[in-house]
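Welcome! Here is a friendly tour of one protein model, taken step by step. Have a look at the picture, then read on.

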Amino acid sequence: MFCTKCGTNVKEDVKVCPECGAIITPSLQAVEQDRTGLLQILFDSSFNNLLTLRIIRFLYKIAIFISILAGIVVLIGSFFAVGLWGIIVGPILGFLTFVILLIIVRTYFELVTILFKIAENTSIIAKNTK
Ligand SMILES: [Zn+2]
């Protein structure tokens, strides 16, 4: 971790920079993650580097594609269902279908990712204790 004021390399748990006395804010990454909007998170396909996680990354891209298709189907369907109102209702319903589907898939993949991360960390801890 680096001091945001003077750039000195400081330890993770340090609260105040030993060089310039600036208060070290918790890692910039954490701040950036807070700023990421819902849609940005949904489109972020970089889960991690494990092989299984690469498959998930690939599956997630397919899931995005399928969600878009489902959204379009709902969009077109609403034109047939409610006629002219479909111009207003269609895009909203189509977009909602897309977002909700992607949230469900995202949640499932995140749970799987967490499981693999736990497994990975456990094996690292097991190796270190030997
Ligand atoms: Zn500093």
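Predicted model: local features only at pLDDT ≥ 70, side-chain atom pairs only at ≥ 80, totals over all residues.

## A cysteine and its contacts

Apart from neighbours within four places in sequence, Cys-6 is in contact with Cys-17, Glu-19, Cys-20 and Ala-22. Here, two residues are in contact if their C-beta atoms, placed from the backbone, lie within 7 Å. Cys-6 sits in the segment before H1.

Is Cys-6 buried or exposed? Cys-6 is exposed because 12 other C-beta atoms lie within 10 Å. The cut-offs are these: a residue is buried with 20 or more other C-beta atoms within 10 Å of its own, exposed with 12 or fewer, and partly exposed in between, the C-beta atoms being placed from the backbone. Val-14 is also found in the segment before H1, and Val-14 counts as exposed because it has 12 C-beta neighbours inside 10 Å. The C-alpha atoms of Val-14 and Ile-24 are separated by 7.1 Å, and these residues are ten apart along the chain.

Residues are numbered from 1 along each chain as its sequence is written.

The pLDDT is the predictor's confidence in each residue, from 0 to 100. For the protein chain the mean pLDDT is 78, and 76% of the residues reach 70 or more.

## The overall plan

The protein chain has four helices and zero strands. Helices (H or I, at least four residues) and strands (E, at least two) are DSSP runs, numbered from the N terminus. Of the 130 residues in the protein chain, 11% are buried. Among contacts between residues at least 6 apart in sequence, 35% join residues at least 24 apart.

## Helix H4

H4 has 44 residues and reaches 62 Å from its first C-alpha to its last, close to the 64 Å expected at 1.5 Å a residue. That expected span is 1.5 Å times one less than the number of residues. Which residues are buried in H4? They are Gly-90, Gly-94, Thr-97, Phe-98 and Leu-102.

Thr-97 is buried because 21 other C-beta atoms lie within 10 Å. Leaving aside neighbours within four places in sequence, Thr-97 is in contact with Ala-70, Gly-71 and Val-74. Arg-106 also lies in helix H4 (residues 86–129), but Arg-106 counts as partly exposed because it has 19 C-beta neighbours inside 10 Å. Arg-106 and Ile-64 are 42 residues apart in sequence and 9.5 Å apart in space, C-alpha to C-alpha.

## The nonpolar core

The largest nonpolar core has five residues: Ile-56, Tyr-60, Ala-63, Phe-98 and Leu-102. Helix H3 (51–82) and H4 each supply at least two residues of this core, and H3 gives the most, with three. A nonpolar core is a set of buried Ala, Val, Leu, Ile, Met, Phe, Trp, Tyr and Cys residues joined through C-beta atoms within 7 Å. In soluble globular proteins, nonpolar side chains tend to be buried together.
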